[in-house]
Amino acid sequence: MKTHVLFNLFATFLLADGLNIEVSVFDFSLQLQISHRFVFLILNFTRNVAPLLINTQLFTRFLSRISQDSAGQFFSSGHTNNWAVLVCTSRFWFNYRHVANTLSVYRSVKRLGIPDSHIVLMLADDMACNHRNPKPATVFSHKNMELNVYGDDVEVDYRGYEVTVENFLRVLTGRLPPSTPRSKRLLSDDRSNILIYLTGHGGNGFLKFQDSEEISNVELADAFEQMWQKRRYNELLFIIDTCQGASMYERFYSPNLMALASSQVGEDSLSHQPDLAIGVHLMDRYTFYLLEFLEDIHPASKANMNDLFKVCPKSQCVSTPGHRTDLFLRDPGSVLITDFFGSVRKVEITTEAIDLTDPIKEVEERYMHSYVDQLPVSEIIHQKPKQKDWHPPDGFILGLWTLILLVFFQTYGVKHLRHIF
């Protein structure tokens, strides 16, 4: 009887408090956070245990509350970390814009808080060091060379011929050799929100890598399913900027996955921002307007995915951008942009008051240590060697005069000695 009453109270409290609860069941404090996996738990509980313990009418009302169209507002992301996999699949100088696309997204996610340790950056060609680049060590995304997206702190994890279909799939599924360094791994888990961005040349159902191989939409869909089965993501956002990009997400079947593409099947994804000095287009249209939108996003922004879907209408992109949300469990309107482009920050909450006005206690002199002043490393590396004063070795002058006298005696004899003194 006690069990029956407790569970009835539990279900009633759920209905009253909007699924954000902290209750006591069997004298055990339980804090519950609703997520998609909790829904599966509830369904299993309904089938096996609930009929024995819970009033049927109350529990039915509880499940119907979850299944309402407005349930999206009750389901938060619940992720604890963010990752990004950014891939440029094109080589050669005339594909400069694809490298600029990827580096621009890289710049934005870093600005919004995702650290390099949680970004896997794959660039199929090094445009910054290309001999045709009039400005070495730079990659620009705006005409007139206004914005250098290469910068001084770019960490490229896969470069050149390392960018292959095999390596890309291994990164996603985690099937890498033990010798692979940490920086080249996607170390995500079931609480990770992952952004995957691809750009390059594609067609109906495929994306080319290095103009030598391609990945199909079926291979990509199966890789995402492996990630889901291995609990490598909580939610996944897939963005692709390529011709006929929508064909790449047609075969997706894994849950909690949202996809965006720059063009529909049968359409080309067009370039943007030609630069006469560099001699090529600097970006693609879809990514250009995507980055323009992201520039207005900050870590506390409330912009959601419905806003992202509108960033590049056909009047600007010429092609027709597409998106797919049927596999995603939450309402896109409740999904913040920062859920994927930003980073979760760990915050420690304390109830204790901390007085910051107390004077800092001085350390006793007997515990103070002094160190020899040293130059900073940068000055040590760039400083020029000092010119030292030259001093002849000991006895050198005496030996030199002795040699001069010997040569003089052999040549002129003693009678000419008076000319020296």
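**Exercise 1. Which residues does histidine 201 touch, not counting residues up to four places away in sequence?**

Solution. Histidine 201 touches Thr89, Ser90, Asn95, Arg97, His98, Leu207, Lys208 and Thr242, where contact means heavy atoms within 4.5 Å. Before going on, note that this is a predicted model, in which local features need pLDDT of at least 70, side-chain atom pairs count only at pLDDT 80 or more, and totals for chains, interfaces and linings use all residues. Residues are numbered from 1 along each chain as its sequence is written, and side-chain values use heavy atoms, with hydrogens and water left out.

Next, look at asparagine 95: its side chain makes a polar contact with the side chain of histidine 201 (2.7 Å). A polar contact is a pair of N or O atoms within 3.5 Å; within protein, one must be able to donate a hydrogen and the other to accept it, and residues adjacent in sequence count only if both atoms are side-chain atoms.

**Exercise 2. Where does UniProt place the feature "active site"?**

Solution. The unreviewed UniProt entry places this feature at His201 and Cys243; UniProt positions are given in the numbering used here, feature names are shortened, and annotations may be inferred rather than shown by experiment. They span 43 residues in sequence, yet no two of their C-alpha atoms are more than 6.5 Å apart, so they gather at one spot.

**Exercise 3. Is cysteine 243 buried or exposed?**

Solution. Start with the cut-offs: buried means under 20% relative accessible area, exposed over 50%, partly exposed in between (1.4 Å probe, protein chains only). Cysteine 243 has a relative accessible area of 19%, so this residue is buried. Histidine 201, with 24%, is partly exposed. Leaving aside neighbours within four places in sequence, cysteine 243 is in contact with Gly202, Gly203, Ser263, Glu267, Asp268 and Ser269.

**Exercise 4. How many aromatic pairs does a search of the whole structure find?**

Solution. The search finds nine aromatic pairs. Rings of Phe, Tyr and Trp (its six-membered ring) pair if their centres lie within 6.5 Å; planes under 30 degrees apart count as stacked, over 60 as edge-to-face and the rest as tilted. Now take one of them: phenylalanine 238 and phenylalanine 252 are 5.3 Å apart centre to centre, with 80 degrees between the planes, which is edge-to-face. Phenylalanine 238 is buried because its relative accessibility is 0%, and phenylalanine 252 is buried because its value is 4%.
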